[in-house]
Number of protein chains: 2
Amino acid sequence: MTEFIPPGTRYFDLPSPFPMKRGGELHGARVAYETWGTLSADGDNAILILTGLSPDAHAASNDGNPEPGWWEAMLGPGKPIDTDRWFVVCVNALGSCKGSTGPASPDPGTGRPYALDFPALSIEDGARAAAHVVDALGIRRLACLVGNSMGGMTALALLWQRPGIARAHVNISGAARALPFSIAIRSLQREAIRLDPEWNGGRYDDAHYPESGMRMARKLGVITYRSALEWDGRFGRVRLDSDRADDEPFGLEFEVESYLEAHARRFVRRFDPNSYMFMSRSMDWFDLGDYCSPHCGDHDTDAHGALAALGRSGLEKALAIGVHTDILFPLQQQEEIAEGLRAGGCDATFLPLPSPQGHDAFLVDFERFGPAVRGFLDGLG
Amino acid sequence: MTEFIPPGTRYFDLPSPFPMKRGGELHGARVAYETWGTLSADGDNAILILTGLSPDAHAASNDGNPEPGWWEAMLGPGKPIDTDRWFVVCVNALGSCKGSTGPASPDPGTGRPYALDFPALSIEDGARAAAHVVDALGIRRLACLVGNSMGGMTALALLWQRPGIARAHVNISGAARALPFSIAIRSLQREAIRLDPEWNGGRYDDAHYPESGMRMARKLGVITYRSALEWDGRFGRVRLDSDRADDEPFGLEFEVESYLEAHARRFVRRFDPNSYMFMSRSMDWFDLGDYCSPHCGDHDTDAHGALAALGRSGLEKALAIGVHTDILFPLQQQEEIAEGLRAGGCDATFLPLPSPQGHDAFLVDFERFGPAVRGFLDGLG
């Protein structure tokens, strides 16, 4: 299978069977994770990082794997998330193909990859899986729960399931519920994969692989992860040299097209298409407001339900960071998170950042995100 | 062919051959147009409307066709563009499949549709074609040139080619040059069509038609024509009734997905895929800054070239309208248009509107666009 699991990944076996929110159960499922730093004797210096859709558990270099991780600038000795002080755990999301059990994992019943026989995956399933890792590591209560993007959703689900599991929380470019614009984009990404004949209802292999569908999906992802503002400065209208331009009719001509193509090509064979489909849909389904009916009324059409559900987090302190240029998880959604947490008695701050990089800013704009996260963590008792 | 030409469409035969900006020429080409109102004896009360990518020339009902047009609320007796006062011409863009000559038209050399043998289409070609119609109708000088979206680009090209052709100009959600974010989106739309095996290098027919590619392209279009803000209020997280939901794995589930699907299905067979490809690319290529080198320096990477080129419009008065929620032709681009025109001595106003409907607001938000356009036209001498 098309799995790219970093060396040094550790695994935690989930209770078997592991029941799934929407029905079905997993047998012999596991969660991949990595750690940095040392847990204090009291078990009170732990930080859990929950990731976006595509990252693995290798957020930064560590003893098990000296390669830089996807959040290398944020995590390590003396860095904003200072591993001299904190014991940090990063969990690969349930349903991913980066070590945790997902649709590309063998179905113990058949020995073949689950593919579309994987049970319907919810954000909440990932939250429960992550909680098992926290408990197993002897963490009494998380000093801080950090969630980025999809991980921001997972973090809020976890706080609902286990109020008080964390003293503090940093929610980065997350959301308490999926909104129709983002649903539309993810739906179109999934459609691109479904339309690729090689997807074959989820039964592909390395020789017959939905490469063009994944390429389309990833390009649309990259477009919506970034922003017009950033790309104006970065690419402008620069064209490819004639030796790099495409001879195909309507082929690549501008630098920005080549950038997207290169990004997509790198991703296509490094992420399992079915895993992408299941995780993508789990985000569409996520609405913390599902938990506070009936007293919140019709929360299909407004934010009240989600706001009310945020109230029982058990958090003491929280920081919700968003970015002005984010079109996928727009700023109002992080403001809503801070507002909901605050209504529940948490000392919650909303921090809008003027990063030009859109939704992905937390992966690149360390000048802004570094001090924001460092300042918050330094302020924890 | 898959042409949908409204009844009552009139045609103007372009000079033959009609040379194209990037090489090649058209033989026996024509431009479709419609008119409203009566040209004054002095030929000084004419308004020319240049459209976006998909509309035909039927902007509103008229004697030739009583069906409502795509800008019915804006155009007619007593309406913001008051046909009791103005003689209004709307031209179908060159390269379209709605009456003007385009890739779906028969190539006189072979009798078959041009398809990819159509000469490379530029925004500037459409501008020159429209100018021929203006001249042929006996319009001495346009009282006002109105351009929407792609038509806003075409209008700026026309003003460069024929400074002074219009006394006034309304540019709606237009741009003086394409920027990389929009190029990326259009490139992905074209890729969706190219990836459809039925596109077949542009040689399809009604029986073998790139339906899924067009559907993807149109969905991405609709997503980027609208805005997250509008869709939150309109669709929220409402789900389809079980009898409308899709049984396919990963099929339609939310209202917003169904809305996109219905929109796309309506469009797919009503617009020629090759025409879509050519017009889409013509927008990517458009950069008014191409005309002011060398004195503007490297205008691949900044706006100076386009700004300078706007200076020779010969306009007396202009209004550049944009919308805060437009991600495809962002507000800064209309501000840039006003700024460039002003630098050339034109009394140009930039009007940002708080419409929630994104790029397409001018097609729906008549409460805001109506008074804005009416006020400007009323103020013309």
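In the predicted model described here, strands E1(B) and E4(B) run antiparallel and are joined by four bridges. Strands, like helices, are DSSP runs numbered from the N terminus, with at least two residues (E) for a strand and at least four (H or I) for a helix; two strands pair if DSSP finds at least two bridges between them. Within this pair, Phe12(B) stands opposite Val31(B) of E4(B). Strand E4(B) also runs antiparallel to strand E8 (residues 87-91) of chain B, again with four bridges, and here Tyr33(B) stands opposite Val91(B). Six of the seven residues of E4 (residues 30-36) of chain B are buried, so the strand is largely enclosed by the rest of the structure. Buried denotes a relative accessible area under 20%, exposed over 50%, and partly exposed the range in between, with a 1.4 Å probe and protein chains only.

Residues are numbered from 1 along each chain as its sequence is written, and chains are lettered from A and ligands numbered from 1 in the order in which they are written. As the model is predicted, local features need pLDDT of at least 70 and side-chain atom pairs count only at pLDDT 80 or more, while totals for chains, interfaces and linings use all residues; side-chain values use heavy atoms, with hydrogens and water left out.

These strands of chain B belong to an open sheet of eight strands with mixed pairing, in the order E1-E4-E8-E5-E9-E10-E11-E12. Strand E1 (10-13) and strand E12 (347-353) of chain B form the edges, each pairing on one side only. From one strand to the next, the twist averages 20°. Strands E5 (residues 46-50) and E9 (residues 142-148) of chain B pair in the parallel sense over four bridges, with Leu145(B) in E9(B) as the bridge partner of Leu48(B).

Helix H2 (residues 150-161) of chain B packs on this sheet and touches E5, E9 and strand E10 (166-172) of chain B; its direction makes about 140° with that of E9(B). Helix H11 (residues 366-378) of chain B lies across E5, E9, E10, strand E11 (317-323) and E12 of chain B, at about 170° to E11(B). Axes are lines fitted to C-alpha atoms, for helices over the stretch in contact, and angles between N-to-C directions run from 0 to 180 degrees. Contact means heavy atoms within 4.5 Å.

Thr325(B) is located in the loop between E11 and helix H9 (331-343) of chain B and is buried, with a relative accessible area of 18%. A polar atom of the Thr325(B) side chain lies 2.9 Å from the backbone nitrogen of Gly358(B). Not counting residues up to four places away in sequence, Thr325(B) touches several residues, among them Arg226(B), Leu229(B), Pro356(B) and Gly358(B).

In chain A, strand E1 (residues 10-13) and E4(A) pair in the antiparallel sense over four bridges, with Tyr11(A) opposite Ala32(A). Strands E4(A) and E8 (residues 87-91) of chain A likewise pair in the antiparallel sense over four bridges, and Val91(A) in E8(A) is the bridge partner of Tyr33(A). In the loop between E8 and helix H1 (123-136) of chain A lies Thr101(A), which is buried at a relative accessible area of 7%. The side chain of Thr101(A) reaches the backbone nitrogen of Arg30(A) at 2.8 Å. Leaving aside neighbours within four places in sequence, the contacts of Thr101(A) include Leu26(A), Ala29(A), Tyr114(A) and Phe118(A).

Asn148(A), in strand E9 (residues 142-148) of chain A, is buried with a relative accessible area of 0%. Although Asn148(A) and His359(A) are 211 residues apart along the chain, their C-alpha atoms are separated by 9.9 Å. Helix H7 (residues 273-285) of chain A is largely enclosed by the rest of the structure, as 13 of its 13 residues are buried.

Chain B can be laid on chain A with an RMSD of 0.0 Å by a turn of 180° and a shift of 0.0 Å along the axis. The two copies are thus related as by a two-fold rotation axis. The superposition is by least squares on the C-alpha atoms of residues with pLDDT of at least 70 in both copies. Among the residues of chain B, Ala192(B) comes closest to the rotation axis, with its C-alpha at 4.1 Å. Of the interface residues of chain B, 100% are also interface residues in chain A, so the copies meet through the same surface.

Key. A polar contact is a pair of N or O atoms within 3.5 Å; within protein, one must be able to donate a hydrogen and the other to accept it, and residues adjacent in sequence count only if both atoms are side-chain atoms.
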